[in-house]
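Here are a few notes from my pass through the coordinates. Have the model open while you read, and go point by point.

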Amino acid sequence: MAGTKNHEYHILEPDPWPLIGAFSALALTGGAIMWFHKNPYGVPVMLAGLAMVLVTMYNWWANTVREAHEGHHTPVVQLHLRYGMILFIASEVMFFLGWFWAFYSAALFPSAVDAVGGQWPPKGIEVLNPFGFPLLNTLILLCSGTTVTWAHHSLLQGDRKGLKLGLLLTIILGLIFSCIQAYEYIHAPFDFKGNIYGATFFMATGFHGFHVIVGTIFLIVCLIRANRGDFTPRQHFGFEAAAWYWHFVDVVWLFLFVSIYVWGGWGAPMHG
């Protein structure tokens with residue numbers, strides 16, 4: 001019979017959200033550039049673009065969830081969704097690699113950059129004690145990796161109470177991490193501008209902090225969906241993607257802690 005589906009792939013219906021999302025992203029970035037150049041219309045355009053990006057994200061992902069409930073996410077489709085998440089995380093690895101590269105370039109060859117002054121950390125820089133709040137945050141993220149894994153295994157075993165509790169604990173730990181990092185930033189003995197140490201430190205750790213916030217929101221959405229009964233042991237890609245993202249955030253922090261806090265500040269006077 002013509003039009004009969006004889007494959008496991010999900011052919012999407014025409015959808016306006018990719019086009020809306022593209023123009024929303026254009027408005028967001030264009031408005032930000034206008035704002036940087038002190039254009040009076042920059043902020044309104046940027047905020048309108050941001051609002052539309054959020055609306056697009058909500059509706060596009062809602063469509064994906066609906067398609068899963070309708071049975072369109074066959075094993076083949078789920079496999080391809082996993083490939084997509086893996087590629088996304090790989091792109092994030094490359095993003096952080098750039099910040100690590102900037103930090104190590106200045107730290108390993110301080111005499112090659114005039115702004116460094118021939119030594120690392122640059123003269124006059126007082127660094128944060130890595131075995132204070134940074135170590136505490138390391139332990140918090142390691143514990144959060146354990147709780148999200150517990151939630152995953154609970155889901156696979158059909159233990160919905162364990163799933164919800166593991167997600168809740170992971171979210172709480174993520175929020176505690178963000179609060180401690182905010183306190184650390186407020187009391188940092190160096191500024192973002194004026195020295196390459198502060199610039200590379202805040203860019204690398206700041207973007208990681210942003211990823212922690214995004215991951216926490218990701219897990220909050222998963223907790224809401226878990227309370228609605230969305231996930232099953234056989235079909236739970238949304239939760240699996242969030243867990244993968246959270247583990248990625250954990251691993252990046254371990255490299256940041258060792259590279260920037262411990263090794264990168266070695267020999268400099270410590271604050272606090």
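**Notes on helix packing and aromatic pairs**

1. Let's start with what sits over helix 3: the cover on its buried residues includes helix 6 (196-227) and helix 7. Keep in mind throughout that this is a predicted model.

2. Which residues of helix 3 are buried? They are V77, Q78, R82, M85, I89, E92, F96, F100, F103, A106 and A107. Note that R82 and E92 are on that list along with F96, F100 and F103.

3. As for its geometry, helix 3 covers residues 75-108, which makes 34 residues. From first C-alpha to last it reaches 48 Å, close to the 50 Å expected at 1.5 Å a residue.

4. On to the aromatics: searching the whole structure turns up 28 aromatic pairs. Take F133 and Y183: their ring centres are 5.4 Å apart and the planes sit at 75°, so this pair is edge-to-face; the cut-off for that label is over 60 degrees. F133 belongs to helix 4 (residues 133-156) and Y183 to helix 5 (residues 160-186), so the pair ties together parts 50 residues apart in sequence.

5. F177 lies in helix 5 and W253 in helix 7 (residues 237-263), so here the pair ties together parts 76 residues apart in sequence. Both partners are buried: F177 has a relative accessible area of 0%, and W253 comes in at 1%.

6. Back to helix 4 and helix 5, the two that carry F133 and Y183. How do their axes run relative to each other? The axes come within 8 Å and cross at roughly 165°. Angles over 145 degrees count as roughly antiparallel, so that is how helix 4 and helix 5 are arranged. Their crossing is left-handed.

7. With a relative accessible area of 6%, S154 is buried, the cut-off being under 20%. Leaving out residues up to four places away in sequence, S154 touches D159, G162 and L163. Of these contacts, G162 and L163 fall inside the 160-186 range of helix 5.

Conventions. Residues are numbered from 1 along each chain as its sequence is written. This is a predicted model: local features need pLDDT of at least 70, side-chain atom pairs count only at pLDDT 80 or more; totals for chains, interfaces and linings use all residues. Side-chain values use heavy atoms; hydrogens and water are left out. Rings of Phe, Tyr and Trp (its six-membered ring) pair if their centres lie within 6.5 Å; planes under 30 degrees apart count as stacked, over 60 as edge-to-face and the rest as tilted. Helices (H or I, at least four residues) and strands (E, at least two) are DSSP runs, numbered from the N terminus. Buried means under 20% relative accessible area, exposed over 50%, partly exposed in between (1.4 Å probe, protein chains only). The expected span of a helix is 1.5 Å times one less than its number of residues. Contact means heavy atoms within 4.5 Å. Axes are lines fitted to C-alpha atoms, for helices over the stretch in contact, and angles run from 0 to 180 degrees between N-to-C directions. Angles under 35 degrees count as roughly parallel, over 145 as roughly antiparallel, 65 to 115 as roughly perpendicular and the rest as oblique. A crossing is left-handed if the near helix is turned anticlockwise from the far one by less than a right angle, and right-handed if clockwise.
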